[in-house]
Structures are given as structure tokens and as C-alpha cells.
Amino acid sequence: MTLSIYTFPDHFLVDELLNKEHLIIRSAVRDWVDRSVRPIVEKASQQHVFPVHLVREMGDLGVLGSFIPQEYGGAGLDQIAYGVIMTELERGDSGIRSAASVQSSLVMYPIFRFGSEAQRRKYLPKLATGEMIGAFGLTEPDHGSDPGSMITRMEERGDHFLLNGAKMWITNASICDMSVVWAKDEAGVIRGLIVERGMEGFTTPETGNKWSLRASVTGELVFSDVRIPKENVLPNINGLKGPLMCLNSARYGIAWGAVGAAIDCYDTAVRYALERKQFGKPIAAFQLTQRKLAEMLTEITKAQLLAWRLGVLRNDDRATPGQISMAKRNNVHMALQVAREARQILGAMGITGDFPIMRHMMNLESVITYEGTHDIHLLITGEEITGIGAFH
Ligand code: TGC
Ligand code: FAD
């Protein structure tokens, strides 16, 4: 099978909802993924290695902080452009999209939105080029879905804060140059801090032994009496809504990204079904195969439209957390289902690394958990419907 016959499934002509700029950006990112990601990512995943050189290449491509204004090194693009970029990256691998999500939505966004002018000027241009790699520390060993109960603490000591605690399951932890970390002050208020590699007492052990997102680095951020200068505190945000606003952006990107993983599985399955013969004819001729393909394309199309509409609402600053949760939850679940069906169409071949399906499927097991689990997103939607929170 060759890459050259790849055609983006666009059954409902969703492309007509994109403008010329979106299509040009998508084409550039698609070419880069075909050239730089797809040829190496299967091996990287098998070897449990993040191809870190791709971060600089993504910087050169302009996809890191695509929505950050140009004066800070971003590309100044809209939300739909961010979405199409995420779809293309995740068509390559969820781990590559993860790196871009974290850098853009979870590190650059809070610095731009909540940071001082000095923080913006110091960090954003280097994060945009990939010269600096960022991480985002919210989850703790004992506080995942319930980040409001975090125990990482900052205590005021004259001209600095002392930071103590630990964050776990952090993308890019062991390779980050800096991280945006969320901690409670003495009054119990959640604050955002910028912690730089090299600060005494700051360590970043890597988490190995993963069966998912193997081409991505995951680790811990450990703080033992780390002195954080006061100018490293994000001045313009207090409370859990700070990290949750970052998550709105990242979850939105995942809603688009998951479509990319699904499309790669679908595309692989269609081509395989047309080529593979059993009982004297292509397996694509059997009604049960056609049903699988038709249902896959139906769900991909619904997910494309959901992501696009959410992008329009975000461009108008009208998207609600419940809408973002619905799209993230639906689209990731959809992608996982598509991956499972595609795997079946490939039979035994589907379990090999000769095809991308198992890698996507295993990756998506993380994607359905991080940025809020499948069930947490259901409850966020439930709260928006009923006005009653069901978390506590
Ligand atoms: P709750 O009392 O509901 O809210 C606290 C404050 O936050 C406000 N708020 C939001 N603001 C902006 N956007 C949202 N989506 C918001 N949701 C809530 C809320 O209005 C309130 O504001 P205020 O002013 O009244 O204080 O908070 P809760 O403690 O009940 O928890 C709510 C819950 C469960 C929705 C939330 O904590 C949650 O989403 N949990 C899931 C945790 C999660 O998603 N963690 C992700 C970690 S980062 C990650 O996974 C990165 S993976 C990266 C990669 O590799 O791609
Ligand atoms: P728990 O919160 O312990 O949940 C376990 C189960 O209980 C889930 O099924 C959950 O849905 C369910 N549950 C919990 N509460 C409720 C409830 N009230 N009602 C019903 N069911 C409930 N975090 C970061 O901060 N930064 C990162 O960069 C980052 N990267 C990650 C990368 C990877 C590869 C992974 C796997 C995780 C990453 N995370 C990161 C952490 C991720 O956000 C958390 O794993 C996620 O929020 C869930 O937390 P938990 O794993 O502690 O599960």
C-alpha cells in the first residue's frame, strides 16, 4: 500500500466550510506529517522514544501556539486553523499532537492569557520556535479527576515562594525546559507558577513501561523546597478556573485531533478491504465489511462537523465547557471505536506494526483518559443540562 492514494474522507464536503488559509495550512502540515512523522513514528513508538527533534520542526512550521499573536512569536491564526493542525498531527500520532497541544494550549496559552508582559516576552517566542519545551503540571499522584484537592503548596518567603509537592503523568516532564505548575498558596488559592529546569530541588523523573503514547514522554515534576522568584508567578489568575481555561483550549484541540487518528485508521481499512481477497473477492464486497466502513465514515463525518461547529463558536468566544466536553468525549470515543473496527477489517495484519491501527488504538486509550476522562466529560455535560454538579 502506498501513501500516494491517501484522500482525506470528506463525505459531507466539510472542506467547503474552511477558508483558503485553513486549506493551505492543512496542506503544509499534512505534507510535513507524511514526510517527517509517518516514516519514523512506528519505530519510535515500538522503541518507546519521543522523536524530540520534531518539536523544532513543528516550530519552523508555525504550529506551536498557532493562535498566539505574531508579536509574541505565534502565528496569529484562528481556532479552526488550530483544529485542522491538530487533526493532521494526530493522523501522524497522538503523541506528536500531544506535544503540540501541551506547548500551545497548556503552556503558551496561560503565559499569554495570565502572564505578565515580561513573562510573555521571555518565554513565548522560544516556545513558539520549539527552542524551549514546556510542560503543564496539574495532576498529582492522589488528585487526577479532582485537581481542586491538590496538595502541592507554595509558601511566601520574602522575595520568593517555596514550592513543595509533586505532579504526576506529565507530558514532556523529563525533557521540559520549563513548566507551568499549579499550586495552592497559604490561603488555599490555586496559583500558576513558572518553574524552570535547573532550579534547585526541581526534578523530573520519567515514567516508563507505558503501552500507550509510547512516542511521547511522560513523567513527574517533583518540587522539594524549590525557590520560585515572585516574578515567576502568573499575576493575572487565581483559582481552579485558571488551569480549566487552559484545558478548554487543549480539549478543543483533541476534539479535532482524534478525528485525524480515526481517519488514518479508516483510510487504512478502506484500502486494505479493497485489496484483500477472501472467498474469491475483495473483503470490501462483503456486506458486513461495508457496514463497518459505512458506520466508520458516518461517525467520522459527525465528529468533523461537531469539531468544526465548536471552532466557529470558539472563534466567537461562545463555546461553553459543556460543549467542549461533549466534543472531546464524543470524538475520542468515536476514534477508539473506529480503530477497533479497522483493526478487525485487517484481521491478523491489524495487530502488526506494519499498519498504524494498533498504535492509534493504544494511544487513544490515553487520550480518552487525559484532559478529563470519558466519564468526567459526561458529568460536565450533565451539569450543564441539569444545573446540578454530580462530582462531589
Ligand atoms: P468547579 O467548582 O466546578 O469549578 C471551579 C472553578 O472553575 C470554574 N470552571 C471553569 N472555568 C473555565 N473553564 C472550565 N471548563 C471550567 N469548569 C469549571 C468554575 O466556574 C469555578 O469558578 P469559580 O470562579 O467559581 O471558582 O470545580 P470542581 O472542583 O467541582 O471540579 C470540576 C471538574 C471535575 C470539571 C474539573 O476539575 C475537571 O475537569 N476534572 C478533570 C481534570 C482534568 O481534565 N485534568 C487534566 C490534566 S492536564 C492533562 O491531562 C494534559 S494531557 C496533555 C497531552 O499530552 O495532550
Ligand atoms: P482518577 O481521577 O483516579 O479516575 C479513575 C477513574 O475514576 C476514572 O474512570 C474516572 O472517570 C473515575 N472517576 C473519578 N471521579 C469520578 C466521579 N466523580 N464520578 C464518576 N467517576 C469518577 N496531567 C497533567 O496535569 N499534565 C499532563 O501533561 C498530563 N499528561 C498526561 C499524559 C498521559 C499519557 C496520561 C495517561 C495522563 C496525563 N495527565 C496529565 C493526567 C490526566 O489528566 C489524568 O490521568 C486524568 O485527569 C485522570 O486522572 P487519574 O488518572 O488520576 O484518574
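The model is a predicted one, in which local features need pLDDT of at least 70, side-chain atom pairs count only at pLDDT 80 or more, and totals for chains, interfaces and linings use all residues. Residues are numbered from 1 along each chain as its sequence is written, chains are lettered from A and ligands numbered from 1 in the order in which they are written, and side-chain values use heavy atoms, with hydrogens and water left out.

**Helix H6**

Helices (H or I, at least four residues) and strands (E, at least two) are DSSP runs numbered from the N terminus. H6 is mostly covered, with 30 of its 35 residues buried. Buried means under 20% relative accessible area, exposed over 50%, and partly exposed in between (1.4 Å probe, protein chains only).

**Salt bridges**

The structure holds 22 salt bridges, each a side-chain nitrogen of Lys or Arg within 4 Å of a carboxyl oxygen of Asp or Glu.

- Select helix H5 (residues 117-129), where Glu117 and Arg121 lie four residues apart, about one turn of the helix. Their salt bridge has its closest N and O atoms 3.0 Å apart. Glu117 is partly exposed at 38% relative accessible area, and Arg121 is partly exposed at 45%.
- Move to Lys122, which forms a salt bridge with Glu196, the closest N and O atoms being 2.9 Å apart. This pair links distant parts of the chain, with Glu196 in strand E5 (residues 190-196) and Lys122 in H5, 74 residues apart. Lys122 is partly exposed, at 44% relative accessibility.
- Then select Arg157 and Glu155, whose salt bridge brings N and O atoms to 3.2 Å at the closest. A separate selection of Arg30, Asp34, Arg38, Glu88, Arg91 and Asp264 shows one network joined by salt bridges that share partners.

**Ligand 1**

Select ligand 1 and the 26 residues that surround it; Ser98, Thr171, Arg251, Glu371 and His392 are the closest. A residue counts as near if one of its heavy atoms lies within 4 Å. Taken alone, ligand 1 exposes 1,100 Å², of which the protein buries 73%. Accessible areas come from the Shrake-Rupley method with a 1.4 Å probe; for residues, only the protein chains shown count as cover.

**Ligand 2**

Finally, select ligand 2, which has 19 residues around it; Phe136, Thr139, Ser145, Trp169 and Thr373 come nearest. A nitrogen atom of this ligand is 2.7 Å from an N or O atom in the side chain of Thr139. Ser145 places a polar side-chain atom 2.6 Å from an oxygen atom of ligand 2. Taken alone, ligand 2 exposes 980 Å², and the protein buries 67% of that.

Key:
A polar contact is a pair of N or O atoms within 3.5 Å; within protein, one must be able to donate a hydrogen and the other to accept it, and residues adjacent in sequence count only if both atoms are side-chain atoms.
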